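Dear colleague,

Please find below the sequence and structure that I am handing over to you. My findings follow directly after them.

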Amino acid sequence: MKEAARLTPALLAHAIAAATEVLRFTGPADETLSRYFRSHRALGQNERAFVAEAVFAVLRRKRSLEAAAGSAEPRLLIAAALVRVLGFSGRSLAGLFDEDLIGRLRSASGEELPLAVRAELPDWLWSRLAGAQGEAEALRLAQALANPAPLDLRVNLARIGRDEALTRLQADGLEARATPYSPAGIRLNGRPPINRHPLFKEGLVEVQDEGSQLIAWLLAPRRGEMIADYCAGAGGKTLAAAALMRGTGRIYAFDTSPKRLAALAPRAARAGITNVHAVVLAAGQDARVKRLAGKLDRVLVDAPCSGFGTLRRNPELKWRYGEPAIGELAAKQARILAAASRLVKPGGRLVYATCSILEQENEAIAAAFAAAQPEFKPVSCEKLLETQRIALTTGEYLKLLPHRHGTDAFFAAVFEHRKP
C-alpha cells in the first residue's frame with residue numbers, strides 16, 4: 001500500500017491489535033482478520049486494506065522481521081514490516097515509533113542471516129526443502145512463496161470463450177492476459193474487486209489459481225461420464241471439471257465437512273452447472289460410496305494436506321503446522337487414496353493431487369500406492385497434458401512451482417485402473 005492510507009496512531013493500533021490476534025495462530029489468518037473487522041465496523045475500506053497488508057507482510061516475512069527488530073513482539077514486527085516490506089518512510093512514521101528503532105530497522109542487513117531465516121521458513125521445513133532440492137533451489141522456491149500471489153481467473157468454457165472474456169475485462173479497464181498453461185486461465189494485474197464484475201456475477205469466470213485449474217485438465221472428464229471429486233471442499237476443482245463436461249454426465253462432490261460443501265451450491269448455481277451432486281460423507285465407510293464401487297469413470301483425490309504450496313496466499317500455514325503434523329497428514333492421505341481408488345472402474349482414471357511442496361505428501365504417497373495397488377498403472381502427466389495441447393514439461397508427475405511456473409505449488413499423480 002506504501003502510504004496510500006494515512007497512518008494515524010489509531011490505525012497503527014488496529015494493525016498491532018489485528019497482528020496480535022493473527023499471531024496466536026488459532027485459525028486461518030483471513031478468517032481471524034474478518035472477525036476483527038466485523039468487531040471494528042468503523043474501519044473504512046482503505047483502513048482495512050492497510051491493516052490486512054501489514055499483517056500479511058508480518059506473516060510472510062516473520063523470521064527476517066524478527067531478526068531485524070530483535071523481537072517477536074507484534075508492535076515491533078508491524079514496525080519492521082512497515083519499514084522493510086511496505087516501504088514507509090521515516091517521516092511518515094515520525095512520532096509513531098522511536099527514531100532509533102526506525103534507524104535500526106532501516107540499516108539491518110539480511111545478508112548474514114541463516115538460510116532458514118532468509119527463506120522465511122521454520123527450521124524444520126527449511127531442512128526438508130534444502131535436503132530434497134539443494135539449498136539454492138530451495139531458497140528460490142521459499143522466496144517465491146514469500147511473495148503475494150497474482151489474481152487468476154478460470155473462464156467457464158461451457159458458456160464463454162477465453163478470448164471473449166478477455167475482451168470484456170479489458171474493455172472495462174482491467175489489465176488481463178491469458179495464462180501460459182491453462183486453456184481456461186486469465187491473470188489480472190493488481191487486486192481489482194472481480195466479484196463485482198458482471199462476468200463474475202453471471203458465472204462466466206471464477207477465481208482459481210492457474211495451477212489448480214490444470215488438475216481438471218489432468219482428470220480430463222468426457223461428456224456423459226460419471227466422476228467424483230472425493231475431497232471436494234468448496235468445489236473449485238469440481239466446477240472446473242463440470243465446465244469441461246459441458247453440463248452432461250454426473251459429478252459427485254464428496255466431503256466430510258457440511259460447511260465446506262455448503263459453499264458449492266451457490267457457486268454451481270451462479271455458473272449454471274446442474275450436474276453436480278454434493279454428498280456429505282459419514283465417518284467410516286459411507287453406504288452411498290460403497291454403492292459406487294467400481295462404477296466411476298474418473299476420480300479426483302484432492303487430498304487434505306499441509307497447504308504449503310499456497311503459502312503465497314496463506315502464509316500462516318508455515319507457522320501453524322509443525323513437523324509431527326506432516327506424518328499424520330501423510331497417513332491420512334494414503335488412507336483416502338486407497339478408499340477413493342475403489343470407486344474407479346476398470347479402464348478408469350484416478351488422480352491424486354495436493355498443494356504441498358513436501359515429498360512425504362507427494363511422491364512418497366504416489367509411489368507407495370503404485371506398489372500396493374498393481375492393478376493401477378501410473379500414467380505420465382506430461383503426456384496427458386500434451387494430448388490436450390498444454391505444453392508443460394513435468395515428467396511422470398505434475399510438479400508446479402511458483403518460481404518456475406508462476407502458479408501455486410501443486411503436485412499430481414495419475415493412475416489408470418487396468419482392465420482385467
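Ala116 belongs to helix H7 of this predicted model. Its relative accessibility is 6%, so Ala116 counts as buried, the cut-off for that class being under 20%. Neighbours within four places in sequence aside, Ala116 is in contact with Arg63, Leu121, Asp123 and Trp126. Between the C-alpha atoms of Ala116 and Leu139 there are 8.5 Å, although the two residues lie 23 residues apart along the chain.

Most residues other than glycine have a negative phi. Glu120, which is not a glycine, has a positive phi of about 60°. With a relative accessible area of 3%, Glu120 is buried.

A positive phi is also found at Arg246, where the value is near 55° and the residue is again other than glycine. Arg246 sits in the loop between helix H13 (236-244) and strand S6 (250-255). Is this residue buried or partly exposed? Arg246 has a relative accessibility of 35% and therefore counts as partly exposed.

I turn next to the packing of two helices. Two packed helices are described by the angle between their axes and the distance between the axes. For helix H5 (residues 74-84) and helix H6 (residues 99-107), the angle is about 55° and the axes are 9 Å apart. H5 is therefore oblique to H6, and the crossing in which H5 passes H6 is right-handed. On the H5 side, the contact is formed by Leu76, Ala79, Ala80, Val83 and Arg84, while H6 contributes Leu101, Ile102, Leu105 and Arg106. Seven of these contact residues are nonpolar and two are charged, with no polar residue present.

The last topic is the nonpolar cores. The largest of them has 42 residues, of which Leu7, Val51, Ile78, Leu82 and Phe97 touch the most other members. Two or more residues are given to this core by each of helix H1 (9-22), helix H2 (29-38), helix H3 (45-60), helix H4 (62-69), H5 and H6. Phe97 touches Leu12, Arg75, Ala79, Leu82 and Ile102, when residues up to four places away in sequence are not counted. Another core, of 40 residues, lies apart from the largest one and has Ile251, Cys305, Leu384 and Leu392 among its members.

Yours sincerely

Notes. Residues are numbered from 1 along each chain as its sequence is written. This is a predicted model: local features need pLDDT of at least 70, side-chain atom pairs count only at pLDDT 80 or more; totals for chains, interfaces and linings use all residues. Side-chain values use heavy atoms; hydrogens and water are left out. Axes are lines fitted to C-alpha atoms, for helices over the stretch in contact, and angles run from 0 to 180 degrees between N-to-C directions. Helices (H or I, at least four residues) and strands (E, at least two) are DSSP runs, numbered from the N terminus. Angles under 35 degrees count as roughly parallel, over 145 as roughly antiparallel, 65 to 115 as roughly perpendicular and the rest as oblique. A crossing is left-handed if the near helix is turned anticlockwise from the far one by less than a right angle, and right-handed if clockwise. Contact means heavy atoms within 4.5 Å. Ala, Val, Leu, Ile, Met, Phe, Trp, Tyr, Cys and Pro count as nonpolar, Asp, Glu, Lys and Arg as charged, and the others, Gly among them, as polar. A nonpolar core is a set of buried Ala, Val, Leu, Ile, Met, Phe, Trp, Tyr and Cys residues joined through side-chain atoms within 4.5 Å. Buried means under 20% relative accessible area, exposed over 50%, partly exposed in between (1.4 Å probe, protein chains only).
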